[in-house]
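Here is a short tour for anyone meeting this protein model for the first time. Have a look at the picture, then read on.

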Amino acid sequence: MSYMALYRKWRPQTFDEVVEQENVVNILRNAVIQNRIAHAYLFSGTRGTGKTTLAKIFARAVNCLHPVNGGPCNECEICRGILEGRILDVSEIDAASNNGVDNIRAVIDDSVYSSSVARYRVYIIDEVHMLSLAAFNALLKTLEEPPENVIFILATTEPNKLPVTVLSRCQRYEFKRISRDGIAARLRYICEETGIDATDEALGFLAEKADGALRDAISLLDQTSAASQGKITLASAREATGSLDREFLWDFTAAILNSDCRRLLELSRRIFNEGRDPSVFLRELIEVLRNMLVVMSVKNPTELIFEDERGIATLKNLAKGLRVREVSMLIRELSGLDNNLKWAVSRQIVFEAGVLGAADRRWKEDTASIETRLAELEGRIADLAEKGIAVRAFVPETGALPADSAKVKAEPEITRSDAKESIAAVTEAKPAEPETAELKPSEPKAAETEAAEPETAETKPSETKTAVTTPADIPASNQPLQAVRRLEKKRWDDIADEMEKRGQVSMLTWYSESIEQYELPGDRLLMVFEDDMTVSILQKSTPANLKVVNEAIASVLGRPMEQVVALKADAKGIIADAEKAAEASGTGADDAGVTETVPDNVPVNAPDAKKNEFDAGIKYFENLAQKMNFRIEYGD
């Protein structure tokens, strides 16, 4: 005898063998027991959920000579005749290939004759939604009032395509998707009966890949068992079904999370070189991200995902430092990319651009035209700053750090907030003498207050407009070292909120791992971590990411701060060295408590320095106005 596919060989033959359709099974079983057989039924649901199978079981049950608990015995002459196809009272019609009105008329003409052997004539019309409108209209009257002892069972995956007049004349039953546990249990039973050796992880993977269709899962098992030599493992199941191995998926996921563009392009090229379908790969990648959400959200993820201990440990490691919202946004981004690939002319280019965009964390959001213009102007201001036209904002190299601590330096570029202030100043320029916005330091130090010289006509806020300055521009004599102080939790939360507002969600997830923060002498911010991987990642962060983080810190603390990241074990030494440096400079704990922050744009005390600063500011705004096609007029 020729080989029979597993899904045909193991098709359920009784109500008890049907997997996870208890609601429909109970209704049909009770209908047979109580002899309340309707004339028309509609079975609807996704593929592989048992619609046609239950229709055949029900057809035998209503005609069985010795029914067992409402189901067919499969032993009597009627049941065996139907199973072997010898009794023509039960007919199965494929509406996909017999969808014309003439085909339906043949069914109507045949239904007027009484059954030959069985009690009922049963017509199973599969894929009934494929019938033409004329065929539906021809069937309508017979479907409403069929001849005695005639039953119509309609099966479809798209009930929305059926006319309402047909739906109203049938008893409708919805077939739900079969759970992965239910599919895996059925696959395990088939393996035990046929002698197939397979691991639970492999069967779980096949059940997950079947996407709720038991027939698909059994077909995949048949395919995998034929391709595997001996025991079916997770690796052999992935290879036989055309899926990339887990290590590749994990590597690709890590590249996205770490914004490793070069690695992403290398892995993407491998996908296309091996002839893989990028849409299939994206769905598997989204599944990995979904599993990451599970391990991030529940304590015992083994009940919700099919992974071994190594897989769960890897997922937890990938999810470390991430937020649920960021992973959810990645899933939405990749889902949109999957949808775009359906219409792409060059799928590889669209795929690579999509994954690079997801890695960059530049989420697709509607941006107003004014924001686009503002970004362009900020770029121009940055160009001016690079040419030395405008005064730069930078962090001084004050104090030495231990060699084992990671040091992250601020970018020597003008900040986003400074750029916005500069643009606003130019656009609001009036035909008057340049003015400087009055700066109000919150709590100036006593030493600075006493040392300040009387204001002159050149340095009055009402008469001058200085360029952007920072505490780094102040002479060292005016910046005595402060004792180490721990940063308040509220201020650290404010920094996190500011980073999120500036679109740095990916960096925020790493910075959120910081357990303590300290303000060190020399405008340095020490962030303490427990995980050495986090310190390593922050140390290797791109200048563009660190620039935005520096802007967020400066916005909250009121001045640029040099970032210092270190492990908890190294932080004590850094703090101790900072305390010694503060004592050596003559600044004790009492002096340290005078002020929390140094305000931005503190005027320089030396008259010559103020004049140079004023001249630099005037030159900066004149160049900016010329670049932006604005005119600045000065008074007498």
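## A pair of rings on one helix

Let's begin in helix α12 (residues 246-257), where F248 and F252 sit 4 residues apart, so about one helical turn separates them. Helices here are DSSP runs of H or I with at least four residues, strands are runs of E with at least two, and both are numbered from the N terminus.

To pair, rings of Phe, Tyr and Trp (its six-membered ring) need centres within 6.5 Å; planes under 30 degrees apart are called stacked, over 60 edge-to-face, and the rest tilted.

## Where the numbers come from

This is a predicted model, so local features need pLDDT of at least 70 and side-chain atom pairs count only at pLDDT 80 or more, while totals for chains, interfaces and linings use all residues. Residues are numbered from 1 along each chain as its sequence is written, and side-chain values use heavy atoms, with hydrogens and water left out.

## The sheet

Strands count as paired if DSSP finds at least two bridges between them.

V122 has I151 in β4 as its bridge partner.

Altogether, the model has 13 aromatic pairs. In one of them, the centres of F43 and F175 are 5.3 Å apart and the planes meet at 55°, so this pair is tilted too. It brings together distant parts of the chain: F43 is in strand β1 (residues 40-45) and F175 in strand β5, 132 residues apart.

F43 is buried at 0% relative accessible area, and F175 is buried at 4%. Ring pairs also join Y41, F43, F58, Y173 and F175 into a cluster.

## Cysteines

How many disulfides does the structure hold? The count is 0, where a disulfide means two cysteine sulfur atoms within 2.5 Å. For C79, the nearest cysteine sulfur belongs to C76, 3.4 Å away. C79 counts as buried because its relative accessibility is 0%, and C170 is buried as well, at 12%.

Technical notes
Buried means under 20% relative accessible area, exposed over 50%, partly exposed in between (1.4 Å probe, protein chains only).
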